[in-house]
Structures are given as structure tokens and as C-alpha cells.
Amino acid sequence: MNSLPIIDISPLYGDEPDAWQGVAEQIDRACRQWGFFYIKGHPISPARIAEVLGNAQRFFALPVEEKLKIDITQTRHHRGYGAVATEQLDPTKPSDLKETFDMGLHLPADHPEVLAEKPLRGPNRHPDLSGWQALMEQHYRDMQALAQTLLRAMTLALGIERDFFDTRFNEPVSVLRLIHYPPRDTASCAEQQGAGAHTDYGCITLLYQDAAGGLQVRNVNGQWIDAPPIDGTFVVNLGDMMARWSNDRYLSTPHRVISPLGVDRYSMPFFAEPHPDTLIQCLPGCQEDAHPPKYPTTTCAEFLLSRFADTYAYRREPQAV
Ligand SMILES: O=C(O)CCC(=O)C(=O)O
Ligand SMILES: [Fe+2]
């Protein structure tokens with residue numbers, strides 16, 4: 001239990017339908033044992049990753065006043081810039097030493113859910129940087145498509161309809177996030193982590209990390225294992241919604257980031273989360289007599305909002321939604 005599995009998902013993009021079963025079995029095993037794995041053979045090109053990473057570096061290099069023009073704490077729908085220490089993922093540690101940019105599915109001001117002021121729904125808030133918006137919106141769509149391909153493979157192992165997730169990911173609340181971890185300095189912040197230990201909230205997370213390293217995953221024996229950067233891969237992990245959906249057959253595993261000393265680190269997680277009204281309740285194949293449903297039914301939006309309130313101090317204040 002010392003290194004995460006690496007799964008080649010290229011058969012999901014070939015023309016051999018029987019090859020899906022083999023990939024689904026590997027994913028199933030990794031989800032039960034680890035809740036974490038790497039994927040290679042995916043369709044996101046190295047050139048695209050380099051372009052989006054370039055955007056992250058350009059954006060985070062802006063003066064903080066410029067970045068705060070799209071301050072996430074001033075939105076009801078969770079889009080824009082989160083300054084250092086906005087989040088505290090581990091309540092036993094100081095706030096996280098990282099800054100973030102979050103975007104979601106862009107819904108215009110006249111969309112019925114935006115007019116109804118539904119939480120988490122609304123327009124994206126992009127910085128005013130040349131070429132930024134078109135690239136980021138395209139990357140969001142491509143990451144969503146990749147997540148849905150993995151979810152479709154999982155339906156084979158979970159014994160549910162092939163389109164189970166596709167129908168629930170119509171107008172999703174998925175989030176594409178850019179993260180900058182400033183260098184850690186041993187003297188002043190030995191205790192402060194880039195990202196404190198946490199489990200993800202959503203369904204499935206696809207993470208690009210640059211070459212700096214620092215991501216750690218807790219294995220079933222409670223040991224922290226490095227998840228080092230591997231060229232051309234994404235780290236994939238399951239979040240709490242998938243653990244609830246699968247009645248804990250699939251693990252939502254704690255992880256953290258120890259920022260490297262003296263170097264900046266950039267990462268880009270894509271958090272795949274379904275339509276806000278989706279019911280998160282035990283899947284039919286996961287509730288045998290020996291395993292009655294462990295969790296009460298909730299909705300995607302209700303669950304996410306409760307987890308945001310745990311992580312962000314500003315979301316606990318009465319004036320915020
Ligand atoms: O930056 C990373 O490597 C991981 C970030 C993470 O776990 C998160 O944002 O949920
Ligand atoms: Fe995470």
C-alpha cells in the first residue's frame with residue numbers, strides 16, 4: 001500500500017467496446033482500495049495543460065488589488081479569487097497557505113436558476129487577461145467530458161445504467177480551480193500547510209499538479225504516502241458524494257499538500273459535481289442486506305453548501321448565503 005495505481009484509460013477512447021470492462025475493473029479496484037489513482041492515456045494534450053498553467057502563473061502574478069476585483073467572498077455563487085488563508089481545510093491547523101481561482105458552468109443573468117437566486121448558480125467572473133476566457137471555458141468543458149467518461153466506466157462496475165451519471169450531470173455544479181501555493185518558509189509557518197488534511201466534497205476530482213510535489217494521501221493504514229507528479233497524468237480521487245452514493249464501497253480518502261520549501265507550486269483540480277438538485281442516495285447495487293444505506297438522502301447543493309460552511313469562515317457569517 002505504498003504507491004497509487006496508474007491506470008491507462010486509452011481503451012475508453014478506442015473502438016473496441018469490450019475494452020471498457022478491463023478499465024472499469026481497474027478503476028473499481030483502485031476506488032475500493034485507495035479512492036485515489038492516476039490516469040494516463042487521456043485526451044487532454046500537454047499543450048493545453050501548458051496554456052492553462054501559463055494562465056495560472058499570469059493571474060497569480062497580478063497585484064493582489066487586481067485579483068480582489070473578483071473576490072470570491074463577495075459572491076453568492078462561489079466564483080473568482082480566493083486570497084491566501086481564505087480556506088481552512090483542517091480545523092486543527094492554521095488557514096491554508098494557498099490562493100485560488102474558481103470557475104464553474106457559466107449561467108447568464110437571465111437563466112431561470114440565476115433569476116431564482118439558486119445557490120452556486122450564476123455567471124463566471126474572469127480576470128481581464130488576453131485570451132483567458134475562451135481558453136478557460138473550453139478547458140472546463142473538456143475536463144467535464146473527461147470526468148463523465150470515467151464515470152461512465154464506473155457504471156459498469158457499480159452495476160447501474162450506463163447513462164446514470166450522464167443524466168445527472170446536465171448543467172453540473174462542477175468547479176475548475178487554479179491553485180498557487182507560495183513557497184513555505186520553515187521558520188514562520190512550520191505548522192501552516194498548503195492544503196490541510198481533508199476529503200473532497202464532490203463526486204470525482206481530476207487533479208493536474210506541476211513538478212514541485214507535495215501532495216500526500218492517507219492510506220488505509222493511516223500512513224501519509226506521497227503522490228508525486230507524473231508527467232502526462234491526472235491524479236483522480238473520489239469525494240464524499242461518491243462515498244455516500246456507493247455506501248462507502250468507494251473511498252473518499254483524506255489528502256493534504258505540504259508546500260515545498262522555497263519554490264512556488266501550481267495545481268489545477270477539476271471537481272466534478274452533478275446538477276444541484278441531484279439526489280445523493282445509496283445506489284441500488286450498493287445496498288445489499290448486509291450493507292443497509294449508511295447515509296440519509298441529501299441533494300448535491302445542500303451537501304456542498306454544508307461543506308463550504310465548514311471550510312470558509314465567511315460562509316458561516318449570517319450575511320453570507
Ligand atoms: O493542490 C493539490 O495538489 C491538491 C488540492 C486539493 O486537494 C483540493 O483542492 O481539494
Ligand atoms: Fe482535495
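## Pocket and ligand site at a glance

The largest pocket holds about 260 Å³ of space. A pocket here is an open set of points on a 1 Å grid over the protein atoms alone, where a 1.4 Å probe fits, with protein on both sides within 12 Å along at least five of seven lines; its volume is the space filled by probe spheres set on the points. This is a predicted model, with local features needing pLDDT of at least 70 and side-chain atom pairs counting only at pLDDT 80 or more, while totals for chains, interfaces and linings use all residues. Residues are numbered from 1 along each chain, and side-chain values use heavy atoms, leaving out hydrogens and water.

**The largest pocket**
- Its lining (residues with an atom within 4 Å of a point) has 18 residues, and Tyr208, Ile230, Asp231, Gly232 and Thr233 lie nearest the centre.
- Two or more lining residues come from each of α2 (46-60), β7 (204-209) and β10 (234-238), with β7 giving the most, three.

**Ligand 1 and its shell**
- Ligand 1 sits in the largest cavity, that is, more than half of its atoms lie within 2 Å of the grid points of a set from which the probe cannot get out.
- Residues around ligand 1 (a heavy atom within 4 Å) include Ile179, Asp200, Arg265 and Phe271.
- β12 (265-272) is among the strands supplying at least two shell residues, and its four are the largest share.

**Polar neighbours**
- Oxygen atoms of ligand 1 lie 2.6 Å from a side-chain N or O atom of Tyr181, 3.0 Å from one of His255 and 2.7 Å from a polar side-chain atom of Ser267.
- The protein covers 95% of the 290 Å² of accessible area that ligand 1 has on its own (Shrake-Rupley method, 1.4 Å probe).

Technical notes. Chains lettered and ligands numbered in written order. Polar contact = N/O pair within 3.5 Å; in protein donor to acceptor, adjacent residues only side chain to side chain.
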